[in-house]
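User: Please walk me through the aromatic rings and their surroundings in the structure shown here.

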Amino acid sequence: MLFQKNTDSLVIQTPAKLNLFLEILGQRDDGFHELETLMVSVSLYDTLTFQKGVKNKIHLHCNDASQNLNKERSSIETIPNDEKNLIVQAARLLQKETGVLEGVCMTLQKRIPAAAGLAGGSSDAAATLVGLNKFWKLGLGEKELWRLASKLGSDVPFFLASSPIAVCRGRGEIIEPVTFSGQGHFVIARPQSGLSTAEVFQHYHQEKQALPRSVEPLLNTLKKGTFSNTGQHFYNALQTPARLLNGEVKQLGNLLEKQPIEGHLMSGSGSACFGLCSSRRQANKIANVLRSQGIPQTFAVSISI
Ligand code: C5P
């Protein structure tokens with residue numbers, strides 16, 4: 001998360017995330033799945049601006065950069081301006097929990113594609129908690145923000161962590177930061193259609209007698225301070241159900257397979273996939289190749305600081 005404080009506004013750049021590893025350890029009584037996942041925040045950002053609002057009123061205006069690229073959108077791909085948006089839910093939650101009477105006027109410049117497994121909505125929600133905590137001078141501490149973030153969604157707490165790489169467990173809300181000072185470059189591509197997280201989880205079936213995979217081999221490779229050789233440890237248990245639900249995910253995987261990259265995988269519950277590149281230059285080059293092959297929502301990114 002990157003902050004810029006102006007005289008009468010606060011601007012936050014909210015990063016996307018990639019899951020380089022995601023294993024499902026079982027289904028819980030509350031219907032959620034127990035996860036072990038490694039998440040990395042990357043330099044594809046939405047921009048969220050906070051300005052003074054009318055007392056008690058939460059106002060959100062969204063500009064969606066991908067609107068013209070994807071005209072036939074389903075409801076899960078449309079960015080709402082109202083209570084359905086996690087940003088508005090986060091602001092309301094803060095009002096309810098702290099009793100603050102101030103309002104706010106927020107503008108969202110959306111660049112992270114929705115229904116893509118990149119957690120754009122969760123990142124925006126985390127930025128709303130952190131941003132309004134500053135903007136409304138609420139003085140909430142880390143623990144309190146984490147509690148509110150976990151109420152909003154499983155991926156929201158990750159974006160509160162100070163480290164751009166973390167292993168996330170539980171529903172995804174228990175965060176263990178990973179120390180890493182190197183750089184990493186990726187190309188992200190999002191097919192024309194998205195996927196619903198709930199639907200992908202519903203279609204997940206554990207392979208019979210398969211022991212769960214562990215994130216440890218990936219972590220051990222990362223300890224060398226580079227992403228080189230990590231591609232062999234990329235794994236996402238949700239990739240099979242996502243490919244069955246959306247044929248474009250498989251097609252995109254086939255396309256990435258043909259590129260001279262070090263590994264590729266679907267992120268989260270999809271439908272976006274990413275490839276690990278050796279440099280920013282290579283990421284840009286592959287992004288251009290994918291665009292020329294008919295995938296306009298393609299981004300070259302690095303680890304977000
Ligand atoms: O927590 P979040 O609102 O992002 O989750 C969306 C949906 O994804 C949940 O309603 C649930 O169906 C599924 N999910 C799950 N296990 C998780 C995270 C999400 O089953 N650990």
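Analyst: Buried means under 20% relative accessible area, exposed over 50% and partly exposed in between, with a 1.4 Å probe and protein chains only. This is a predicted model, in which local features need pLDDT of at least 70 and side-chain atom pairs count only at pLDDT 80 or more, while totals for chains, interfaces and linings use all residues. Residues are numbered from 1 along each chain as its sequence is written, and side-chain values use heavy atoms, with hydrogens and water left out.

User: Are Phe-186 and Phe-227 buried or exposed?

Analyst: For Phe-227 the relative accessibility is 4%, so this residue counts as buried. Phe-186 and Phe-227 are both buried.

User: What kind of aromatic pair do Phe-180 and Phe-227 form?

Analyst: Rings of Phe, Tyr and Trp (its six-membered ring) pair if their centres lie within 6.5 Å, and planes under 30 degrees apart count as stacked, over 60 as edge-to-face and the rest as tilted. The centres of Phe-180 and Phe-227 are 5.0 Å apart and their planes stand at 70°, so the pair is edge-to-face.

User: Which residues form one aromatic cluster?

Analyst: Phe-186 also pairs with Phe-227, at 5.5 Å centre to centre and 80° between the planes. The one aromatic cluster is formed by Phe-180, Phe-186, Phe-227, Phe-234 and Phe-274.

User: Over which ring does the charged end of Arg-213 sit?

Analyst: A charge sits over a ring if NZ of Lys or CZ of Arg is within 6 Å of the ring centre and within 35 degrees of the ring normal. The charged end of Arg-213 lies 4.0 Å from the centre of the ring it sits over, that of Tyr-235.
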